[in-house]
Amino acid sequence: MKYLFALRWRTSFVAGLITSLMLFSSVSQADSVNPLLIHTQSGAIVGKNLPQTFSWQGIPYAKPPIGQLRWHAPEPAEHWSGIKQTSTFGPSCMQTPPPKGPEAILAQQPMSEDCLTLNIWKPKRRFEEDRLPVMVWIHGGAFRMGASSLKLYDGANVAKKGVIVVTLNYRLGPLSVFPHPALDKEEHGKALNFGLLDQIAALQWVKNNIGQFGGDTNNITIWGESAGGASVGYLLTSPLSNGLFNKAIIESGALALPELSRQQAVTSIKKQLPKSLANMTPAQLRALPASQLLTLPLAKTSTMPIIDDVSLTEKTQKAIASGHYHHVPLLIGSNNDEAGFFPPAWSASVQEKLGKLWPQAAKLTDGYGTNSVENKEAQLATDIFATVNTRALATSSVKNKMPTWRYYFSYQSSAQQQKHPGAIHTAEIPYVFGNIDQLGFMPSEEDKELANNLTERWVHFAKHGTPNPVAFKTWPQYDPNSDSLWLIDSHGERAIVEQGTARLDLLQRHPEIQLN
């Protein structure tokens, strides 16, 4: 009897084990058959099939920062059961879109405080890497506008060259940085840069989950332009982002920004707010509609990241010059007519900002070869805004013995009506993303070639830590004392000696002069 019982038990156990293994095998097989079905730490998701990539959109990487979670650090996304459809972008974060420009379309699309989502593109084609490098894009928009859903930032054309592309939303404007006295007191000893904390939470999500998509968790490049590029600088220096990335790309993001201390920011915002609102409690502030917060009479720079002594402990330039940052390879650059993106009055203000230095500075620029006062103002404004700080940050990276490549983008398409003397702020984005359908005019063959070349270089940097694919012209590592500045213009790409160094040196000696 004992033998028969044991035999029956073994037979039953073995049959159950086989059944379980068959079920497990069928689930695993289903996942392998359906590459769009991914199991993240929060739950299963399914994306969509695009011509050359698989894509997942609107993936929550944190709890919605609403109600009591407004002006708090992001918390991990809640677990869900079943399979979440991730085939449409999530809402953009609350903002006031401009009347024109790429962000204008956001006024016609969903917008919410519940906006902490990210998007992923993965190539269908197999590449030599067992695990694909990852490029995480952080959008610009002066820390108060923008979204990862913009067509300009579609990651398919980058991903198809052999990387996984991630784009993300993060809190903006007064929902991101709002150093109100009551919130400062409530968050004493805690970070106040909530948009930056969102970016860090998204990077942590990528670190924890991108392996499920076939990504290499040890080869992550952070990448951004303008405020997104400045965010890359902040992530380079933040104590909270250690170990979350391996390389960095900054496009027009080494900017002259206020970077106020915590106390300066609290004092400044208190002066700007109506007394009734300045005296509100945290609970009263959280009860205000987000739309009302967007109409507060605040200076545009008042909701930019501050040195809160937790998420940021030093200004970006100082931290990197001192070596107090995460040492990773860096690709960095700026455009030669950044000022052309902004209203003419912005550039015209440079005379007043320079004061007694204006005559000397004006002699050191030829206004892009025109010698017109207007273009001299634009060139100096561009230098103050981006060129000086880009040069300084790249030089600091070199001094810290990090592989560094610096570009200067001045390309203007022959197919484009020339309204500016050079390449304005954001002009490089359609080319590095390969999204030349977003140029606003019919691309020329030169446009197509440049887009392919720059996308290849950016991807190669993410893959191998150098922007030099096989058979491409060699882009040398940056050395401020040699012809190593990589010029990208209508004549192609080549290494040159920095031009206008006397002008840049003069402006660098006066960091107190800012246009923001």
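How are α4 and α5 oriented relative to each other? Keep that in mind as you open the structure, which is a predicted model.

**Stop 1: two helices that cross.** Select residues 194–209, which form helix α4, and then residues 227–237, helix α5. Their axes come within 11 Å and cross at roughly 75 degrees. Angles of 65 to 115 degrees count as roughly perpendicular, so that is the label for α4 and α5. Now show the side chains where the two helices meet: Leu 196, Gln 199, Ile 200 and Leu 203 on the α4 side, with Ser 231, Tyr 234 and Leu 235 on the α5 side. Of the residues in this contact, five are nonpolar, two are polar and none is charged.

**Stop 2: a helix with a buried face.** Next, pick residues 262–272, helix α6. Colour Arg 262, Ala 265, Val 266 and Ile 269, the buried residues of this helix. Look down the axis of α6: these residues fall within an arc of 100 degrees, so they line one face of the helix. Here's a handy rule: an α-helix has 3.6 residues a turn, so residues three or four places apart point the same way.

Stop 3: Finally, go to the loop between α13 (358–363) and α14 (373–399) and click on Tyr 368. Its phi is near 60 degrees, a positive value in a residue other than glycine. Most residues other than glycine have a negative phi. Tyr 368 counts as buried, at 18% relative accessibility. In the loop between α13 and α14 you'll also find Asn 371, again with a positive phi near 60 degrees.

Note on methods:
Residues are numbered from 1 along each chain as its sequence is written. This is a predicted model: local features need pLDDT of at least 70, side-chain atom pairs count only at pLDDT 80 or more; totals for chains, interfaces and linings use all residues. Side-chain values use heavy atoms; hydrogens and water are left out. Axes are lines fitted to C-alpha atoms, for helices over the stretch in contact, and angles run from 0 to 180 degrees between N-to-C directions. Helices (H or I, at least four residues) and strands (E, at least two) are DSSP runs, numbered from the N terminus. Angles under 35 degrees count as roughly parallel, over 145 as roughly antiparallel, 65 to 115 as roughly perpendicular and the rest as oblique. Contact means heavy atoms within 4.5 Å. Ala, Val, Leu, Ile, Met, Phe, Trp, Tyr, Cys and Pro count as nonpolar, Asp, Glu, Lys and Arg as charged, and the others, Gly among them, as polar. Buried means under 20% relative accessible area, exposed over 50%, partly exposed in between (1.4 Å probe, protein chains only). The arc is that of the directions from the helix axis to the C-beta atoms.
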